[in-house]
Amino acid sequence: MEALKGLILSGGRGTRLRPLTYTSAKQLVPVANKPVLFYGIEAMAAAGIRDVGIIIAPETGGEIRSVVGDGSAFGIEITYIEQDEPLGLAHAVLTAEEYLAGGPFVMYLGDNLLRDGITGLVETFRSEEPDAMILLTPVPDPEHYGVAELDESGRVLRLAEKPAQPSTDLALVGVYMFTSSVFDAARAISPSQRGELEITEAIQHLVDSGLRVDPHIVRGWWKDTGQVQDMLEANRLILDEIEERHEGELIDSRVEGRVAIESGARLERTTVRGPAIIGRGAVLTDAYIGPYTAIGDHVVVENAEIEHAIVLEGSSIQDLNGRIEASLIGKNVAIARGPELPRAYRFVVGDNAEIAIL
C-alpha cells in the first residue's frame, strides 16, 4: 500500500462549547493543559504518518495555524486546507481531494480523544487492505451515536445515525480509514436533512456498491470533547495516567498522589491532591487543588479551593469562601470576592455562559 496521509478535521463552529469558542477554536481548548487537537496530531505521528492535512474554517483557521505551526514540532509536515462552510464530513473529504491525490488516508475528527491512539488501526488497514475501515467501540447508549451493524463474517453491513431502536451497541468513533473509492461515494450522495454530506452515507454507499468496509473495534476509552462535561471527563481520563513530576517550587506545601508541576510554578501553603497538573508559571497561595484539576500556565489561585476543573492560562481565582468544582474556566478570567459591603455578586458574563451559585 502506498504511503498513508492523514486528514484531521478542525473546522466547525464549536457551538456546544460556547462561550469559550466565541474567542477560540474548540479544538484548541486544552485537556490536561494540552490542546485537544494536539492529541490527534500526536496519534498520527505515532502511527508513522508524516503528511497531515488539517481542515480549517475561515473563522478559526488563523488561530489553529499559529498554534499548531508547520508540523515540525510533531515530526510531521502539515498542510492547511480551508473548508468555506461546515457542509459535512464527506464534503470535507472532497475539499481535501486534491491534497490527498487519490491515495489512502486516515481521517480523524480533531475534537476526539482515543486512549490507545490509532497505531493498531493503521497497521491493520495496511495489512488487510480493505476499501475502508471504521473505528467502532461498544457504548451503553447507542441511540445517541452513529452505529454500525455487522454481518456474520464481521464486515460492515449497515450504518444508522442515532437509531431509536439500535440493533447494535457498536458506535462510530471519529476515526476512519479510506482509499480513493470514498471520493466517488461522497460525490454520489445528497445532502442530509441538516444540509450536510454525511460521512455515514458515503460509507453506506461503499457498502451498497459491494466494496469491503471492515470494522476495527477499540476497547480503550474514547471521548468526543464537544461539550463541557465531555472536556471534564477527558481531563479526568488523561490525568488518571499522568506521570508525576515536580519541576516547580514548593514552599510549606503538600502534594499527594500523582501531580505534574511544570517549571516556574510556585506553590506556597498549598495542598494539591492528584491526579492533577499545574502549568508553567502558575502561582498558588493558601490554596487547595483537588483531584482531576488542570491549572493552566500563569494561573493565580489564592485563598481558594478548586476540584475536578479546567482553568485556562492567565486566569486568577482569589478569596472565595466555597469550592469551585466541575467547572471549565476560560483564558484571562478573574474570579474574586470583592471587599465592599453590602455583599453582592457582580458579573460580566459572555453569551451562553452558565453560572451556578449553591
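**Exercise 1.** Which exposed residues does the face of α6 turned away from its buried side carry?

*Solution.* First, some ground rules: this is a predicted model, where local features need pLDDT of at least 70, side-chain atom pairs count only at pLDDT 80 or more, and totals for chains, interfaces and linings use all residues. Residues are numbered from 1 along each chain as its sequence is written, and side-chain values use heavy atoms, with hydrogens and water left out.

Step 1: find the helix. Helices are DSSP runs (H or I, at least four residues) and strands are too (E, at least two), numbered from the N terminus; α6 covers residues 119-128.

Step 2: sort by relative accessible area. Buried is under 20%, exposed is over 50%, and partly exposed is in between (1.4 Å probe, protein chains only). The buried residues of α6 are L121, V122 and F125. Seen down the helix axis, these buried residues fall within an arc of 95°, so they line one face of α6. That arc is taken from the directions from the helix axis to the C-beta atoms.

Step 3: look at the face turned away from there, and you get E123 and S127.

Why does such a pattern work? An α-helix has 3.6 residues a turn, so residues three or four places apart point the same way.

**Exercise 2.** Say what covers the buried residues of α6, and what comes just after the helix.

*Solution.* The cover includes strands β8 (132-138), β11 (170-178) and β12 (213-217). Just after α6, E129 takes a positive phi of about 55°.

**Exercise 3.** How many aromatic pairs are there?

*Solution.* Step 1: the rule. Rings of Phe, Tyr and Trp (its six-membered ring) pair if their centres lie within 6.5 Å; planes under 30 degrees apart are stacked, over 60 edge-to-face, and the rest tilted.

Step 2: the count comes to five. One of them is F38 with F74, edge-to-face at 5.1 Å centre to centre and 85° between the planes. F38 is in helix α2 (36-46) and F74 in the loop between α3 (61-68) and β5 (77-82), so this pair ties together parts 36 residues apart in sequence. F38 is buried at 15% relative accessibility, and F74 is buried at 16%.

**Exercise 4.** Which ring has the charged end of K34 sitting over it?

*Solution.* The test asks for NZ of Lys or CZ of Arg within 6 Å of the ring centre and within 35 degrees of the ring normal. The ring is that of Y39, with the K34 charge 4.7 Å from its centre. Likewise, R236 lies over the face of Y292, 5.8 Å from the ring centre.

Notes. Contact means heavy atoms within 4.5 Å.
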